[in-house]
Structure formats: structure tokens, C-alpha cells
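Subject: Structure handover

Hello,

Here is the structure for your files.

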Amino acid sequence: MAKHKENGAAPAVRPRPEYIPNRIDDPNYVRIFDTTLRDGEQSPGATLTSKEKIEIAKQLSKLGVDIIEAGFPIASPDDFEAVRAIAQEIGNTVADDGYVPVICGLSRTKEQDLERAWDAVKFAKRPRVHTFLATSEIHMKHKLRMTKDQVIETAVGAVRHLRSLGCQDIEFSPEDAGRSDPLFLYEVLGEVIKAGATTLNIPDTTGWCLPHEFQDLISKIKKNTPGAENVIISTHCQNDLGLATANSLAGALGGARQLECTINGIGERAGNASLEEVVMAIALRGQTQMGGLYTGIRPVHISVASKMVSDYSGMIVQPHKAIVGANAFAHESGIHQDGMLKSRDTYEIMAPETIGLARADEAGIVLGKHSGRNALSTRLKQLGFDLPTEQLNDLFKRFKSLADRKKHITDEDVLALVNDEVHQPPSIWVLQDLQVVCGSMGVPTATVIMRGPDGINRTASSIGTGPVDAAYKAIDQLVRVQAALVDYSVNNVTEGIEALATTRVVIRPAGKMAGEGYVTDTKGGMTQRSFSGSGADEDIVVSSARAYVSAMNKMIPYITATAQANSIHNTAEARRKGTAEIAA
């Protein structure tokens, strides 16, 4: 879409070329590789459950991403099962036009990792394994403690091993390529091409490069790497200097035909290139300013994907975030409002409807205490949420409760309720009722009633330093799972005394369970997972309690599943050793 259209129509999606791992028949087509479920989940507190990962993967498929990097299978049994489930379900759902996403698993160069990744993705219609090894002097010297020859030998060995397993779609990343010696890069990449790699991903791991530097790096890799014409060149740009989107677009101008990114730009440290920014930049400027570049993304699904990832990960989107921020299509200045009233083209280069954000209701429906289920359902669909009957009924109960206390229900209120009712983990413990007594004349006290996994209601009371602390301690008495509160934040959804409060908490296993929840990270170390939860209510204490219970409902099944998997593994190992001893 080279020019903004006042009716907000999305850019026409051109037919995508047939998927062939190591080539694209249309030189202007750019593949979009989404790593929200892998790199995005490495954001502190952004742990996702298997169910949440599958739901996000389904939304990414609706969005039309070419490759979904579903996770790091060796990290834990839960990660492996999530990647395998995505490969089996989303990786085999073929659209009418033949589209089906490639399902990718990340792996280090160790044989055990490679085999685990392949086992997780191999049942997808289009499976891929992505392996990596650092090539910069600083990484080879201080982290790997390997020589250049050892790095080449290890990288080639990893690609060959994947080929021997039957993997035909192999991506290799020279980690920290942005700070690597270009001559050594050409050598390493040339050797992995010979070994059978089909995509070469060039990561600016620390966000060090400037756009013109990164474009030049990609151009020279294409020019100087033996066999580069027979593979796809990809980019993976971190946002440490706020240049991830700019560098990704520069990489495309330099000849890269796969761009790696995440929804909302989430990821380690300052995050990754933002999918919505990269995609819309190409949609709006690709034809006229980028030599005709285009993607297969259906941007009308961006808004729902952004909301889903934000709700599930607990990573709040900043209001002024490009494309998907709350202020992205807001106009408060009088001059701007005057221009918008005369023509939307004055201050909007795209319409909110382009990304699936329908803010204006042409039917004139205003939601309030007299609104029925059909009115709520209609508005939800306008906002991109077509809920099944059971979820709609649950949401409608919360809506009516809110409408009794608040005169007008805004879109922001509806979206907050969606987060609190729909985008939540399966309920193990459910907060039924909460009462607090607090003030300057006594000790804060909280009483909670909760329904447990056996369906029985239980009551507990506790005191604390404040009403929220007292409520959390009462919940702890019933759940009997020790957790440390890592982060706590409260925001109002709209203005005014009647506004909904949304609370986000992050917790980690503590006490006797302090050693639980550790997983292998991509750097070879062990990292303890943290679990986020969110809640919404007119009462801040109730909102806080809902968020805490939500986080508990993520942590408890994860730890339980990990313990069961470890028990099965230990039993199998004991049997194997016993068999070996008998044989000896």
C-alpha cells in the first residue's frame, strides 16, 4: 500500500511464492520469521504456558508469518512438548491457498540438543531446525574458548548431523555477527553452506550496528560468501540502541529475504525488531522505496496478536509504541484534531482498521448497564475477538457487574475484561470472594474464599503490612505453594474514580521450592523461570489478588509437570543402568 486510503482498507496481500527452503522464486518476496515464542519468551517474567504458546502460534498462523520459531526444546520437558504440539497441530493445518507455516526449533550445536530439536519439529509439514555458534573474537575468547578452526569444525558438524537425522531445512546463525571479523564470517558461512545449511541468519546480537553498517554487512556477505546465491540470507536484530527495525529494513535493502522479529518487539534486554513495525513499513513503503519488496502478512490480525502476546506474557505495550500502542491512533492536539476532521490523511499514514483496530462504531452502540449479550458480542468482534459461547457468557457476567457500577463501558474496559477472563491460564485455584479491613487505626486483615482443584471452597484469613500483603498471605495459606513476589504494578484502564484497575505481578518459586523451575538457557547456563499474572477489577485489592492467583495458576502446573517429567526420566535412567549391570 503505497498511499493511505481513507477507508482504512488493508494493503492487498499478493500470493506468496511456493515455499522452498533455500530459495525464493520471487526476488521481491521477504519471509517473516517470528520468534516471539522463543526469543520473546526470554524477556524477564514473560514465561508462557504450553496452552498460551499454542494460542499465540494459531494467531501467528492467521497473521501469515512464514516461519514460527516455537521454542528451545532442550530447555525443559515442557518446552519440548509445547514445540512438538505446535508442530503437530499448527504445523499441519494447511490453508485453502496452500499456506502452512514452517515450524522451527532452536538448538545449540551439541548433538543432544540437535536431536531434541529435530524430534520436536519433525512431525510438522515443513520442519526446520535453527542452530547457532558465536563467531566474534570476544565470544570465541571469553565464552566459547575456541579457536576459529574449532568454531568452523563445530558449526559444520552440527549442520551435517542435522542432515543425517533427515532435516532438510537448516538455519545457521553466527552469533554476534555484527561484531565479527567479516573475512572469518565469509569462511564460516561458506563452510556451513557446503555442509547443507539452507538459511544463513545474520544476528546483530548486541544491537551494535548502525543501519548503513548492517546493510553493508549483508551486501558483502551475499557478494563474498561462496555459495550465498544458493541460500536465503536472514537478519536478526536486537534493539539495544533502538535500531532493530531500522537495521532489519536496511538488511532487506542489502539483500536479506528473511527478517526475524517478534510481536511487540519483546525479547532479551531491549527486545527485538518489532514484527508490526517491520511489516507495516514494508507494506507502506516497500513498493516505492524498497524496490518492490512485499510480505505475505495479513496485517488485519496484528492488533489481536499484539493484545494476546501482551496479556499472556505480561509485557505491557507502552502507550506511544508504533503501530500497536494506545496512542498510535490518538489525536489530542487541537491542530491535529482539526486536520483529522477534515481528512484522515493529514496525520495518519495508515488507518487503524488496517491492523484490525476498529475504534469507531458506525451503529452508534454505546455499551452500558442495559446492553445485552448481542451488543457485547458485536463489539468484541469489531475489536477482533470472536469468542465461543462459554467464554462469552463468562465475560458477559463480568461486563454486567462492571456496568452496574460504571455508567459507560469503554473499549479499554472491554479489552481489560478479555484479558482477565479469556487470556488467563487454566484455573487450578479460583478467587471466589475477598474482604479486607485496613486503615490507620488497626492491622490490615484479609479474608479470602477460594475454590480449589477439588472444587471445594476454602476460607483463610491473614494480617499483613497492607491490604494487598494480607490478601496474598491469606492466598498462600490455602494454596500452600511458596512464591516470591518479584514485581508488582498497577495501572488504571481509563480515567476517573470508576476506572478499572489492572494489576500485573511476577513471581518465582521460593522457600522449599526455591530450587524448582530452572531450565537450560541458550547460553548453556541455568535460569529460573518467573511467572507473570494479571487481573482487573474496580477494586485495586481484588485486582491484585486476581493477578496473584493467575500467576500461581501458571507456576503450579509448570512445576508439577517438570517434577513428573524428571521422575519419569530418573526411573528410565535407573532401569537403563540396571539393565546394563545385568548385562555386564
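What is the order of the strands in the open sheet of three strands? The order is E12-E13-E16, and the pairing is antiparallel. Strand E12 (483-492) and E16 are the edge strands with a single partner each, so one side of each has no neighbour in the sheet. On average, neighbouring strands here are turned by 20° against each other, direction ignored (axes are lines fitted to C-alpha atoms, and angles run from 0 to 180 degrees between N-to-C directions). E12 and strand E13 (residues 501-509) are joined by nine bridges; Ala 483 has Pro 509 in E13 as its bridge partner. Strands pair if DSSP finds at least two bridges between them. Helices (H or I, at least four residues) and strands (E, at least two) are DSSP runs, numbered from the N terminus.

This is a predicted model, with pLDDT of at least 70 needed for local features and 80 or more for side-chain atom pairs, while totals for chains, interfaces and linings use all residues. Residues are numbered from 1 along each chain as its sequence is written, and side-chain values use heavy atoms, without hydrogens and water.

The second largest pocket has a volume of about 870 Å³ (a pocket is an open set of points on a 1 Å grid where a 1.4 Å probe fits, with protein on both sides within 12 Å along at least five of seven lines; lining residues have an atom within 4 Å of a point; the volume is the space filled by probe spheres set on the points). Of its 33 lining residues, Arg 398, Asp 420, Glu 421, Val 430 and Arg 546 are the closest to the centre. H13 gives the largest share of the lining, six residues.

Regards
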